[in-house]
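Please look over the sequence and the model shown here. The paragraphs that follow lead through its parts in turn.

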Amino acid sequence: MTELLDNREYKKEQLKRLLLRIHEGEDVNELKEEFRVVLSGISPLEIPIIEQELVREGISAKDIAKMCDLHVELFREAVKGTDELEERELPDGHPLKTLYLENKEIMKDAEMLNLYARTLATTRDERMREEILGVLEEIVGNLRKVGFTHYTREEMLTFPYIERRGLTAIATVLWTKHDEIRFMVKHLAELLRKRDGMPWEEFVERFKEKAGEASFALSDMVFRENNIYYPTLKVLLSNGEWKAIRMQEDEFGYYKVNPPAWDPGEDVEPLHPWEIDPELSAEELLNLPREIQQTLKGQPLEFDRSELEREGDIDLGTGYVSIEELKAIFEALPVDVTFIDRDDRVRFFSPGERIFARTPSVLGRPVQLCHPPKSVHIVNKILKAFKEGRKKEAAFWLRLGPKYVYIRYVPLFGRDGEYLGTLEMTMDIEPYKKIEGEKRLLDWKD
């Protein structure tokens, strides 16, 4: 048995069997010691691959996310964190260093959440209670931003790279855990808002319990990322990929850090997920940690080799579409679009949604002749203000029978700032005015 336990492949298979036994309903606590023995010689870098294999064997990402809590807890005891070492090796502004730095802030706030929640439950002084509640509202408000910044950046910017390489289960499991944490923190915010509607003792007990769960989940995610996910990213992603990520990060924002600019060099081209070769070369395989090399043996990954740009596609700057697809997109838009070029002539109008009648006879016509004579001077004033850069939009709304029509004109400019023309967008906003509450994606029924 000792010889077998020394075999990394055997330990990996044992871990998979233990996770499957939990999935099948066995008591987690009874398996804890078996987990400890198996984990004593497994690198955290192997966990993402094991999770990938479990998904292939039919276990849902949600089930794996539930099972993760135990092996993360045990990894805390079995594996020393490498985040500080990894962080020191990275230059300031590098996206991976930013993630490590954010996790330090997340861990601090998670611990503070648990501490203040427990303090609140034992405080009898009314004034102190109010002060603690104020601190908790600030902490919870901050932690809600984790989901909008830190987690969203990972999901939108790093997941596509590992998915391209066939590691889709890693992304799926992490995203599931992210969403669980988002829900936990949102629930804490709701409890704080509704505290006056329940007895004090009931509120503090519920809040202490839920705050403890959220604090544990946040801490576990920090551990999971620092010791499992980030080392995987460091192995797989090149400077070109990190450069592309850095170019997009500001769109999502950061959690309590303000990273400086970082560029691996002008000679390094940014690489987006669809531009990389997803297959691992022999050289890349040799440079992977030994644990990953062992895990990948006999486990071929399903690389995503799809190409984004097809023959005949139009490059729109934010994607590629065919002429047929572009026409279909305009037909589906709930808005009537008309483009007037720099010479004030109608160049294009969208098919589909129609507020005002449009026929091909309008194409090439001066826009001034498309309006009643009494309003032409207003049209000219708007276009003049656009061309001179004095105005960025002109909006109007009016009633047309049952429709409430919203009209918006905006000037269009090229890369060099030259005026290209004006876009008119018209839509019936009456149906949207009636919308109340929320209807989420998960509420959809076929």
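Over nine bridges, strands β6 (residues 403-413) and β7 (residues 419-428) pair in the antiparallel sense; two strands count as paired if DSSP finds at least two bridges between them. Strands here (E, at least two residues) and helices (H or I, at least four) are DSSP runs, numbered from the N terminus. Opposite Thr 422 in β7 stands Pro 411. This is a predicted model, in which local features need pLDDT of at least 70 and side-chain atom pairs count only at pLDDT 80 or more, while totals for chains, interfaces and linings use all residues. Residues are numbered from 1 along each chain as its sequence is written, and side-chain values use heavy atoms, with hydrogens and water left out.

The open sheet is formed by five strands in the order β4-β3-β7-β6-β5, with antiparallel pairing. Its edge strands are β4 and β5 (394-400), each of which pairs on one side only. From one strand to the next, the twist averages 20°. Helix α15 lies across β5, β6 and β7 and runs at about 130° to β7; axes are lines fitted to C-alpha atoms, for helices over the stretch in contact, and angles run from 0 to 180 degrees between N-to-C directions.

Gln 368 is found in the loop between β4 (346-349) and α15 (376-387). Gln 368 counts as buried because its relative accessibility is 17%, where buried means under 20% relative accessible area, exposed over 50% and partly exposed in between (1.4 Å probe, protein chains only). Beyond its neighbours within four places in sequence, Gln 368 is in contact (heavy atoms within 4.5 Å) with Asp 344, Val 376, Asn 380 and Leu 383. The C-alpha atoms of Gln 368 and Asn 380 are separated by 7.5 Å, although the two residues are twelve apart along the chain.

A nonpolar core is a set of buried Ala, Val, Leu, Ile, Met, Phe, Trp, Tyr and Cys residues joined through side-chain atoms within 4.5 Å. The largest such core has 53 residues, and those with the most contacts inside it include Leu 113, Val 140 and Phe 207. Helices α7 (95-122), α8 (126-164), α9 (168-193), α10 (200-236) and α11 (239-249) each supply at least two of its residues, and α10 gives the most, with 13. A second, separate core of twelve residues includes Ile 382, Leu 383, Phe 386 and Ala 394.
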